[in-house]
Structure formats: C-alpha cells, structure tokens
Amino acid sequence: MLTGLASPATAQSSTPLPPNLAGLWSFEADLEAICKFNGHARLMPTSDPARFDCELTAEQDCPAADVHYIVQQSCSVDIVDGVATVRSTIETFLVGDPTTGYLPDNFQLVIHDESHLEGVLLGSGAYPAEWRRAEGAIS
C-alpha cells in the first residue's frame, strides 16, 4: 500500500519543470547580407509552465532594397523537449506600409539556459536566430 502512495510523488518529481522564460528579451537573425533583423520581446507566464504569452516588435531594415519595417506582433511560446516554439500574429505595422509579403516572425529555438535561446527565424526561409534575456531589473 505504501508503494502505491509513493509512485505518484516519484513520477511528479522525475519530470522537471521547463525553464522560466518570462521577462524581456532581445533577438536578432542573420538574414541576407543586405538586411538587418532584430527586435525585442516580452514573455508572460500562463497557468501552464510550458507556455507563455508574448508580444514582440521586430525590425527588418534592408537599405540597399529600400525596405524598412517595424512590426508589432502578438505571440505564444510553447516549450517541448528543450525547444521553444514562437508563433506570432502581426498586429500593426509601425514603420512601412502593411503588406501580405511580410510574414509573421515565428521562431524555433533551442533553450541553452534561461537567458540564451538559439535556433531559426521561420518566414520566407529559415535564418539563424538568437534570443538573449535583457540585462537589469524588470519593473
């Protein structure tokens, strides 16, 4: 009887919680040589420790092609097996005319630790990307 009571506790303790990614982040991706891509994100906890709500603002600047966008997006982050998947929805074009040619900025990122994520930006292609937690206190 005691063995049966211990099993659920053992099962719970053997499944580690995903890292807490809540907070402010900066990110960048390596697009083509003529473009720069970077931005900021805020991840907010939900009742599920493996899911975060988020909002991000991304900037894509391609001076040689005369293209410049700053796009505000809502997003969600799901963590499965050490990988954070960011799914975004475009909310507002802050700079640049709205276009269907600008796809939401989705990411698939390996969690190195609670301050460093690395993987790819998924859009018209897959581009190397890195997220770093913002330094300093969060008010």
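Q: Are Cys35 and Cys62 buried or exposed?
A: Cys35 and Cys62 are both buried, a term that stands for under 20% relative accessible area, with exposed meaning over 50% and partly exposed in between (1.4 Å probe, protein chains only). The model is predicted, so that local features need pLDDT of at least 70 and side-chain atom pairs pLDDT 80 or more, while totals for chains, interfaces and linings use all residues. Residues are numbered from 1 along each chain as its sequence is written, and side-chain values use heavy atoms, leaving out hydrogens and water.

Q: What makes Cys35 and Cys62 a disulfide?
A: The criterion is a pair of cysteine sulfur atoms within 2.5 Å. Between Cys35 and Cys62 the S to S distance is 2.0 Å, and the pair therefore qualifies. Cys35 lies in the loop between strand E1 (23-29) and strand E2 (36-45), and Cys62 in strand E3 (residues 51-62), so the bond ties together parts 27 residues apart in sequence. Strands here are DSSP runs (E, at least two residues), numbered from the N terminus.

Q: Why is the disulfide of Cys35 and Cys62 called right-handed?
A: The torsion about its S-S bond is about 110°, which makes it right-handed.

Q: How many disulfides does a search of the whole structure find?
A: The search finds two. The other joins Cys54 to Cys75, again with S to S 2.0 Å. It links Cys54 in strand E3 to Cys75 in strand E4 (residues 67-80), 21 residues apart. With bonded cysteines counted along the chain, the pattern is 1-3, 2-4.

Q: Why do Cys54 and Cys75 count as buried?
A: The relative accessibility of Cys54 is 4% and that of Cys75 is 9%. Each value is under 20%, so both residues are buried.

Q: What makes E7 and E8 paired strands?
A: Seven bridges join E7 to strand E8 (residues 126-133), again antiparallel, which meets the requirement of at least two. Leu121 stands opposite Tyr127 in E8, and the hairpin between E7 and E8 passes through three residues.

Notes
Helix = DSSP H or I, 4+ residues; strand = E, 2+ residues; numbered from the N terminus.
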